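I would ask everyone to keep the structure in view while we go through it together.

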Amino acid sequence: MSMDITKYTHSCVRLEAPGGALVIDPGSFSGRDELEQALDGVRAVLVTHEHPDHLDVETVSTLLRERTDLHVWGPATVADLLHDQQERVTVIGAGESFEAGGLAISTPGGQHALIHPSVPVVANLGYVVDGSVLHPGDAFIVPAHPVDTLLLAVHAPWSKVGEVLDHLVAVRPGTVRAIHDGLLNERGRALVDGHVHRIADEYGASYAPLAVGESAAT
């Protein structure tokens with residue numbers, strides 16, 4: 001099925017197909033205006049985990065109050081954070097399948113990647129949308145079945161470049177789109193992009209990073 005992706009700041013993306021649309025990880029790096037734009041006409045929000053760069057609690061809570069058509073799916077900790085709108089949140093775990101925003105979803109994963117032994121590990125769900133696009137959240141998730149597009153977390157406190165490249169190799173997608181890039185400056189982005197381009201080419205994948213606000217077919 002044809003699907004379009006729009007990249008927003010850091011890990012926030014909007015996915016649209018003829019059957020529906022959804023937004024994943026409306027985080028605090030985006031700001032309210034950008035998140036309102038991302039969610040315009042969308043009724044389904046998927047959240048991979050509780051960290052603020054993936055869930056802007058204040059903005060999402062406000063939008064849930066203002067928009068009765070909006071619904072959120074995520075781990076139990078997400079429902080706890082959105083406590084005043086908890087009835088609008090469906091709690092899910094790893095290994096589930098459901099429909100959100102007219103699109104089929106499955107949830108590989110379960111745990112956030114380790115940052116440091118002193119930092120608690122939290123629940124983290126990956127989302128495979130319509131069997132073709134993987135958003136892994138904050139983990140190097142390899143789904144049980146091949147996907148056409150990997151949304152690759154290119155930079156994080158929990159990763160190094162070699163691990164990012166190994167994730168690409170393990171998933172073996174046809175197309176790679178960069179996410180989780182909100183902490184990179186221009187020099188860092190150029191370095192990471194160079195490595196990802198090289199490995200993607202070697203393994204037969206197309207690396208096509210998007211600018212914030214840019215849309216393309218997945």
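I begin with the largest nonpolar core, which has 22 residues; those that touch the most other members are Leu22, Leu46 and Ile105. Please bear in mind that the model is a predicted one. Which elements give two or more residues to this core? They are strand 2, strand 3, strand 4, strand 7 (97-100), strand 8 (103-106) and strand 11 (127-129). Strand 2 contributes the most, with three residues.

Let us look at Leu22 in particular. Setting aside residues up to four places away in sequence, Leu22 touches Val13, Arg14, Leu15, Val42, Ala44, Leu46, Ala100, Leu103, Ile105 and Val129. Apart from this core lies another one, of 20 residues, and among them are Leu55, Leu63, Leu70 and Leu82. As a general remark, nonpolar side chains in soluble globular proteins tend to be buried together.

I turn now to helix 1, which spans residues 32-39 and has Glu34, Leu35, Ala38 and Leu39 as its buried residues. These residues lie on the same side of helix 1, because they cover an arc of only 125 degrees around the axis. What covers them? The covering elements include strand 2 (13-17), strand 3 (20-24), strand 4 (44-46) and helix 2 (57-66). Just after helix 1 comes Gly41, with a positive phi of about 80 degrees.

Helix 2 has buried residues of its own, namely Thr59, Val60, Ser61, Thr62, Leu63 and Leu64. They pack against helix 1 and against strand 5 (71-74).

Where does His49 lie? His49 is found in the loop between strand 4 and helix 2. Is His49 buried or exposed? The relative accessible area of His49 is 0%, so this residue is buried, the cut-off for that word being under 20%. Two polar contacts of the His49 side chain deserve attention. One is with the side chain of His51, at 3.3 Å, and another, of 3.2 Å, is with the side chain of Asp138.

His49 and Val122 are 73 residues apart along the chain, while their C-alpha atoms are separated by 7.5 Å. Leaving aside neighbours within four places in sequence, the residues in contact with His49 include Pro75, Val78, His112, Ala123 and Asn124. His54 is also in contact with His49.

His54 has its place in the loop between strand 4 and helix 2 as well. With a relative accessibility of 0%, His54 counts as buried. The side chain of His54 makes a polar contact of 3.4 Å with the side chain of Asp53. Among the residues that His54 touches, apart from those up to four places away in sequence, are Ser11, Asp25, Asp138 and His180.

Two residues in that list call for a further word, namely Asp25 and His180. Asp25 lies in the loop between strand 3 and helix 1, and is buried, with a relative accessible area of 0%. The phi of Asp25 is near 60 degrees, a positive value in a residue other than glycine. His180 sits in the loop between strand 14 (175-179) and helix 5. At 2% relative accessibility, His180 counts as buried. The phi of His180 is likewise positive, near 55 degrees, and this residue is not a glycine either.

I proceed to helix 4. The buried residues of helix 4 are Val164, Leu165, His167, Leu168 and Val171. Why do they line one face of the helix? Seen down the axis of helix 4, these residues fall within an arc of 150 degrees, and therefore they line one face. Their cover includes strand 12 (133-135), strand 13 (149-153), strand 14 and helix 5. After helix 4 comes Arg172, which has a positive phi near 55 degrees.

How many cavities of 30 Å³ or more does the structure hold? It holds one, and the volume of the largest cavity is about 30 Å³. Its lining consists of Val154, Val161, Val164, Leu165, Val192, His195 and Val196. Helix 4 (161-171) and helix 5 (186-202) are the elements that give two or more residues to this lining.

Methods
Residues are numbered from 1 along each chain as its sequence is written. This is a predicted model: local features need pLDDT of at least 70, side-chain atom pairs count only at pLDDT 80 or more; totals for chains, interfaces and linings use all residues. Side-chain values use heavy atoms; hydrogens and water are left out. Buried means under 20% relative accessible area, exposed over 50%, partly exposed in between (1.4 Å probe, protein chains only). Helices (H or I, at least four residues) and strands (E, at least two) are DSSP runs, numbered from the N terminus. The arc is that of the directions from the helix axis to the C-beta atoms. Contact means heavy atoms within 4.5 Å. A nonpolar core is a set of buried Ala, Val, Leu, Ile, Met, Phe, Trp, Tyr and Cys residues joined through side-chain atoms within 4.5 Å. A polar contact is a pair of N or O atoms within 3.5 Å; within protein, one must be able to donate a hydrogen and the other to accept it, and residues adjacent in sequence count only if both atoms are side-chain atoms. On a 1 Å grid over the protein atoms alone, a cavity is a set of points where a 1.4 Å probe fits but cannot get out, and a pocket is an open set with protein on both sides within 12 Å along at least five of seven lines; lining residues have an atom within 4 Å of a point. Grid points are joined across faces, edges and corners, and a volume is the space filled by probe spheres set on the points.
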